Amino acid sequence: MLHLHCTKKLLDRIKPEIAEPGQSDTALGNWYATVMFWKPQVALLVSERTLLPVLMPLAPAATLARRFPAQLALVLKAHGVPSEFIAQEVWRMDKVQYAKTANRSVVGILNEFVKQAEFWLAAYAYEKGDDDDLLAISAKLAETPCSPLYKGAISPDRALHELVRAGARA
């Protein structure tokens, strides 16, 4: 089961049934999400455990959670994650519960990634609405040093690889 913690702006768009916060049974843990009001609009999702960012088209907003596992699989593949890990992660996302945000640190990272995504969009003349560009921006954001990770991996891409290696040893 996936627990998706959404900002108020995103909850207002999706209008889901909101559950009490719980713990996802996926390796990447709970996910936090917000909306970016680009044209077309984009959703930014961040793993609570690794801070791995995933950008994807928001529309249609009601199907965001259903479409998210496929987009996550593309991002994980782009990071060179083994297909067994990807399949297991996607399989565990069969059910979704929406919740309000609960971790202010992750919300802060979401806000920082929104600003940085705007930079990468302008710096590399990416096209808003191009799915390949959303993958490229997601990869650039994953290289960002994040203070919650300073005691370990430092950046989301490194945290992801450490998590995958640890899972392979377990």
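Entry 1: The model is a predicted one, in which local features need pLDDT of at least 70, side-chain atom pairs count only at pLDDT 80 or more, and totals for chains, interfaces and linings use all residues. Residues are numbered from 1 along each chain as its sequence is written, and side-chain values use heavy atoms, with hydrogens and water left out. Helices (H or I, at least four residues) and strands (E, at least two) are DSSP runs numbered from the N terminus. Strands count as paired if DSSP finds at least two bridges between them. I noted five bridges between strand 3 (residues 42-47) and strand 4, in the antiparallel sense. Leu 45 has Val 54 of strand 4 as its bridge partner. The hairpin of these strands has five residues between them, and Leu 51 there takes a positive phi near 65°.

**Entry 2: strand 2 against strand 3.** I found these two strands antiparallel and joined by six bridges. Val 35 has Ala 43 of strand 3 as its bridge partner. They too form a hairpin, with five residues between them.

Entry 3: I recorded an open sheet of five strands, with mixed pairing and the order 4-3-2-1-5. Strand 4 (53-57) and strand 5 (96-100) stand at the edges with a single partner strand each, so one side of each lacks a neighbour in the sheet. Neighbouring strands are turned by 30° against each other on average, direction ignored. Axes are lines fitted to C-alpha atoms, for helices over the stretch in contact, and angles run from 0 to 180 degrees between N-to-C directions.

Entry 4: I then checked contacts (heavy atoms within 4.5 Å). Helix 4 (residues 104-123) packs on the sheet, touching strand 2, strand 3 and strand 4, and its direction makes about 40° with that of strand 2. For burial I used relative accessible area: buried under 20%, exposed over 50%, partly exposed in between (1.4 Å probe, protein chains only). Six of the six residues of strand 3 are buried. Val 42, Leu 44 and Val 46 cover one side, and Ala 43, Leu 45 and Ser 47 the other.

**Entry 5: aromatic pairs.** I searched the whole structure and found two aromatic pairs. Rings of Phe, Tyr and Trp (its six-membered ring) pair with centres within 6.5 Å; planes under 30 degrees apart are stacked, over 60 edge-to-face, the rest tilted. Trp 31 and Phe 68 have ring centres 4.9 Å apart and planes at 70°, so this pair is edge-to-face.
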